[in-house]
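Student: I have a new structure to look at and would like to talk it through. Could we take it piece by piece?
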Amino acid sequence: MVAAMKQNNQAVLSISSSSSDKKKRGQIIIRSAVLAICLVASVLFILSLQLTLKLHSEDSTAGVVHKSLREFDGKVVANETEETQLVPPATNEDDSQSSMYTVIDRSKRIVIPDKDRSLAFVHIGKSGGSTISLLLRNGCIQAAEGETCEAERWKKFPGKVGETETIASQRIQFYLHVSNVDSGKMAEYYSRISSIVVVARDPLDRWISAFLSRHPDNLDGMRLRNRAASLRAQARGQTPPIWAQKRVFGIDGVRNDQIHRVAYDGCYPNVQEFVDCATNDEPPSENDLYNTRIMFMEKAKMHFEQVTLNCRETCKEIAAATSRYIHHVRVNYEAYLKELPSDKEVFVIRTKSLWQDWVKVNNLLGSPKDVAIPDSINEGKVVNTQDKLPVRSNLSNEGRESLCKLLRNEYILYIDLLNRAVNLSDSDIKSALDDVHKNCPAILESIG
């Protein structure tokens, strides 16, 4: 009996010991797993910290680069040695890259003695001209007819830029824009002066901007945006930004404006569909027609009218710059420059180098020091801005190639203008041609 009890106790102890061992092993496994997880987490944390520091370092470097570029925008190239230091030299150019520079021909440059210079500012639409015109005492439409603009208009410009009138403002006698072209008097205007200062932008970029700026959805978006910005400023007791004060116009005449809107809606609602429409060479069909109804208020009476638009015909007219729609597409480089005599001196302000070129033009016109430029990107966006508008470019690569072909003559005139510019170096022109090659590589091959 006693022996049996001992055996039972030993069995119980054995079972208890076995359970205890299993429990300990389980705890060891759990602790090991927790330790492993902590170790992995620590490694991941260290890697994450290293990546964050690396990205921060890259951001800091990028900030320095951006600052350097902004400072360069305000720096005038004084001589060839300085230019060599500032402009990275070309290296290992392939044959195609070298051949695209064959269009550079500076033989057409005309330099007028400073004492004989008389100047006009030519504002080719969607190239930054509204911003520059604000800095000119004669930067308004009526100046070409001898009328005065508002006094000290440059003071509307924020920051240091608006504190002092520039030498260019003092010397430019009048301003030319769309209505001056439409007047048919460009030859007469050019006969009054020896030199022009003109804003210029890559033709493809300019065309897309012109198309999108007149899209009804974007026009409505600009009106709402400007109204909201004005109300916010007024609520703070501040003056609204200049771009928010600017009226956004449609097409002249309420009926024409409604037709303009439905043409976008039914014929070319975006850039790609416009290109498809303008380059469609299939036989005419009923699919070319867009039937719709417009309504408009005129002379205190509501009018309703059924209209039929021939979309393909309208698209081809716009592409040929003969349509009344999209005025900055119609009034293009050819419209502004076809009556500019070859003996006129040309200063070019490139859109992508707006402030750099503005500084240099002022120096060449006699400014004793570099004129002030905006301290920030927001200060630079003074008159027009297309930020956050609903309709943007959706142009495909094939569509881009087709639009480039439509703009071939515009590119010829643009490159000719660059070659004539007395303020641009060969390096400046090469930079502009690099953009041309990026947008429309076949253009340079076709005209080189």
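Tutor: Let us begin with alanine 151, which lies in the loop between helix H4 (129-133) and helix H5 (167-171). Please keep in mind that this is a predicted model.

Student: Is alanine 151 buried or exposed?

Tutor: Alanine 151 has a relative accessible area of 70%, so it is exposed; the cut-off for that class is over 50%.

Student: And how far is alanine 151 from asparagine 138?

Tutor: Their C-alpha atoms are separated by 9.5 Å, and the two residues are 13 apart along the chain.

Student: What does glutamate 150 form with lysine 156?

Tutor: Glutamate 150 and lysine 156 form a salt bridge, in which the closest N and O atoms are 3.4 Å apart. Lysine 156 is partly exposed, with a relative accessible area of 42%, and glutamate 150 is also partly exposed, at 40%.

Student: Which residue forms a salt bridge with lysine 155?

Tutor: That is glutamate 152, with 3.1 Å between the closest N and O atoms. Lysine 155 counts as partly exposed at 47% relative accessibility, and glutamate 152 does so at 43%.

Student: How many salt bridges are there by count?

Tutor: The count comes to 21 salt bridges.

Student: Where are the two residues of the pair glutamate 305 and arginine 255?

Tutor: The side chains of glutamate 305 and arginine 255 meet in a salt bridge, at 2.7 Å from N to O. This pair links distant parts of the chain, since glutamate 305 is in strand S5 and arginine 255 is in helix H11 (residues 254-266), 50 residues apart. Glutamate 305 is partly exposed at 23% relative accessibility, and arginine 255 is partly exposed at 32%.

Student: Which residues are linked in a network of salt bridges?

Tutor: Asp114, Arg117, Arg171 and Glu345 are linked in such a network.

Student: Back to strand S5. How many bridges join it to strand S4?

Tutor: There are 10 bridges between strand S4 (residues 289-298) and strand S5 (residues 301-310), and the two strands run antiparallel. Together S4 and S5 form a hairpin with two residues between them. In the turn, lysine 299 has a positive phi of about 55°.

Student: What stands opposite methionine 297?

Tutor: Methionine 302 in S5 stands opposite methionine 297. Both belong to a nonpolar patch on the surface, formed by Met295, Met297, Met302 and Phe304, with about 420 Å² of accessible area together. S4 and S5 are the elements that give two or more residues to this nonpolar patch. Methionine 295, for its part, lies in strand S4.

Student: Now charge. Which residues gather in a patch of negative charge on the surface?

Tutor: The negative patch gathers Glu273, Asp276, Glu398 and Glu401. Helix H12 (271-278) and helix H18 (397-406) are the elements that give two or more residues to it.

Student: Where is glutamate 398 found, and what does it count as at 64% relative accessibility?

Tutor: Glutamate 398 is found in helix H18. At 64% relative accessibility, glutamate 398 counts as exposed.

Student: Let us change topic. Why is helix H16 largely enclosed by the rest of the structure?

Tutor: Helix H16 (residues 354-364) is largely enclosed because nine of its 11 residues are buried; the cut-off for buried is under 20% relative accessible area. The buried residues of H16 are Leu354, Trp355, Gln356, Asp357, Trp358, Val359, Lys360, Val361 and Asn362.

Student: And what is the phi of glycine 366, which follows H16?

Tutor: The phi of glycine 366 is positive, near 115°.

Student: One more element, then. Which residues cover the two sides of strand S1 in the list of buried ones?

Tutor: In strand S1 (residues 119-122), Leu119 and Phe121 are buried on one side, and Ala120 and Val122 are buried on the other, so that both faces are covered.

Student: In which sense does S1 pair with strand S2?

Tutor: S1 and strand S2 (residues 172-176) pair in the parallel sense, over four bridges. Leucine 119 has isoleucine 172 as its bridge partner in S2.

Student: How many bridges join S1 to strand S3?

Tutor: Four bridges join S1 to strand S3 (residues 195-200), and these two strands run parallel. Here the bridge partner of leucine 119 is serine 195.

Notes
Residues are numbered from 1 along each chain as its sequence is written. This is a predicted model: local features need pLDDT of at least 70, side-chain atom pairs count only at pLDDT 80 or more; totals for chains, interfaces and linings use all residues. Side-chain values use heavy atoms; hydrogens and water are left out. Two strands pair if DSSP finds at least two bridges between them. Patches are made of residues with over 30% relative accessible area and no salt bridge: like charges are joined within 9 Å, nonpolar side chains (Val, Leu, Ile, Met, Phe, Trp, Tyr) within 5 Å. Accessible areas come from the Shrake-Rupley method with a 1.4 Å probe; for residues, only the protein chains shown count as cover. A salt bridge is a side-chain nitrogen of Lys or Arg within 4 Å of a carboxyl oxygen of Asp or Glu. Lys and Arg count as positive and Asp and Glu as negative; His and the chain ends are not counted. The place of a charge is taken as NZ of Lys, CZ of Arg, CG of Asp or CD of Glu. Buried means under 20% relative accessible area, exposed over 50%, partly exposed in between (1.4 Å probe, protein chains only).
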